[in-house]
Amino acid sequence: MIQPLAYIHPEAKIAQNVVIEPFAIIHKDVEIAEGTWIGSHAVINEGARIGRNCKIYPGAVISSTPQDLKFKNEYTLTVIGDNTTIREYATISRGTEEHWKTEIGANCLIMAYAHIAHDCRIGNNCLVINNVQMAGHVHMGDWAIIGGSSSVHQWVKIGAHAMISGGSLVRKDVPPFTKAAREPLSYTGINSIGLRRRGFDNDQINQVQEIYRYIYLRGLNNAEALTQIELELPPSDERDDIVNFIRSSERGIMKGPASSSSDRD
């Protein structure tokens with residue numbers, strides 16, 4: 001299943017039924033699990049740990065040296081979960097001593113020409129669309145989607161089930177279950193279609209919508225909104241996820257709809 005024109009370092013650990021196409025390069029200290037396919041001209045660098053049934057398309061570069069001037073060649077990893085697909089010419093850097101690894105979860109799709117920098121943590125079932133440029137230390141929750149040609153500032157957090165419009169500049173944290181668009185990036189509603197597709201019922205969706213009315217539509221600051229949410233709305237996993245996300249935000253969360261320039265025009 002390994003083509004003779006591929007280069008495989010003798011110290012790489014390759015499962016028996018992995019397919020490696022011609023001209024792919026697999027460096028030392030690489031582990032590739034069962035059922036994975038590596039396309040022609042893909043480069044898998046030191047420190048890569050690739051799960052089962054992944055697909056790495058031609059020209060992708062996995063576990064490259066971080067583009068970080070603080071990196072001192074410390075031993076770090078890139079970990080990719082099962083059933084994840086990485087399309088043509090996507091690049092993923094390995095970690096630095098800040099977190100020691102870059103992580104991409106299971107069942108993700110990283111589309112062509114995307115860049116995921118050092119120490120990023122991508123959850124399960126995420127979509128990173130074509131040409132997304134993601135700086136270091138970005139956290140992305142499960143089922144989140146980043147639209148094509150978006151740029152994400154370092155240390156930004158993107159909540160689970162969030163959906164960011166293509167071409168966005170993501171400078172602030174994007175809370176869970178929301179949709180984000182416009183410039184500057186702003187709240188444009190909740191991702192109700194995505195939530196229904198993933199099995200959320202009407203009561204859950206209605207509560208998420210009500211929570212974001214407190215945060216974005218009642219003229220409250222974040223501290224006031226979170227206090228009222230906890231006092232007035234019943235506890236739930238969704239409520240707690242939103243409250244904890246906003247309370248722990250270090251960069252601050254994206255603006256509300258009334259703050260966007262398009263709403264003032």
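Visitor: What makes Tyr-212 count as buried or exposed?

Guide: In this predicted model, Tyr-212 has a relative accessible area of 0%. Buried means under 20%, so Tyr-212 is buried.

Visitor: And which label does Tyr-216 get, buried or exposed?

Guide: Tyr-216 has a relative accessible area of 12%. That value is also under the 20% cut-off, so Tyr-216 is buried.

Visitor: Why is Tyr-75 called exposed?

Guide: Exposed is the word for over 50%, and Tyr-75 has 54% relative accessibility, so it counts as exposed. Tyr-75 is found in the loop between strand E10 (61-64) and strand E11 (77-80). Leaving aside neighbours within four places in sequence, Tyr-75 is in contact with Asp-29, Arg-49, Arg-94 and Trp-100.

Visitor: Back to the rings, please. How many aromatic pairs does the structure hold?

Guide: There are six aromatic pairs in the structure.

Visitor: Why is the pair of Tyr-187 and Tyr-216 called stacked?

Guide: Two cut-offs matter here. Ring centres have to lie within 6.5 Å for a pair, and planes under 30 degrees apart count as stacked. The centres of the Tyr-187 and Tyr-216 rings are 4.5 Å apart and their planes are at 20°, so this pair is stacked.

Visitor: What do the ring pairs make of Tyr-187, Tyr-212 and Tyr-216?

Guide: A cluster: ring pairs link these three tyrosines.

Visitor: How do you know that the charged end of Arg-87 sits over the ring of Tyr-57?

Guide: For distance, CZ of Arg has to be within 6 Å of the ring centre; the position must also be within 35 degrees of the ring normal. The charged end of Arg-87 is 3.9 Å from the centre of the Tyr-57 ring, and it sits over that ring. Arg-218 lies over the face of Tyr-214, at 3.9 Å from the ring centre.

Visitor: Which residues touch the most other members of the largest nonpolar core?

Guide: Met-134, Ile-158 and Ile-215 do, in a core of 68 residues. Helix H2 gives the most to this core, with seven residues. At least three residues come from each of domain 1 (7-137) and domain 2 (195-248).

Visitor: What does Ile-158 touch?

Guide: Not counting residues up to four places away in sequence, its contacts include His-139, Met-140, Val-174 and Phe-245.

Visitor: Which residues does the UniProt domain annotation cover?

Guide: The unreviewed UniProt entry places "domain: UDP N-acetylglucosamine O-acyltransferase C-terminal" at residues 173-254. Over residues 173-254, the chain is 54% helix and 11% strand, and the end C-alpha atoms are 6 Å apart.

Key. Residues numbered from 1 in each chain as written. Predicted model: local features only at pLDDT ≥ 70, side-chain atom pairs only at ≥ 80, totals over all residues. Heavy atoms only, no water. UniProt positions renumbered as here; feature names shortened; annotations may be inferred. Helix = DSSP H or I, 4+ residues; strand = E, 2+ residues; numbered from the N terminus. Phe/Tyr/Trp six-rings, centres within 6.5 Å; stacked < 30°, edge-to-face > 60°. Buried < 20%, exposed > 50% of the residue type's maximum accessible area, 1.4 Å probe, protein only. Core = buried A, V, L, I, M, F, W, Y, C linked by side-chain atoms within 4.5 Å. Domains from an automatic or database assignment. Contact = heavy atoms within 4.5 Å.
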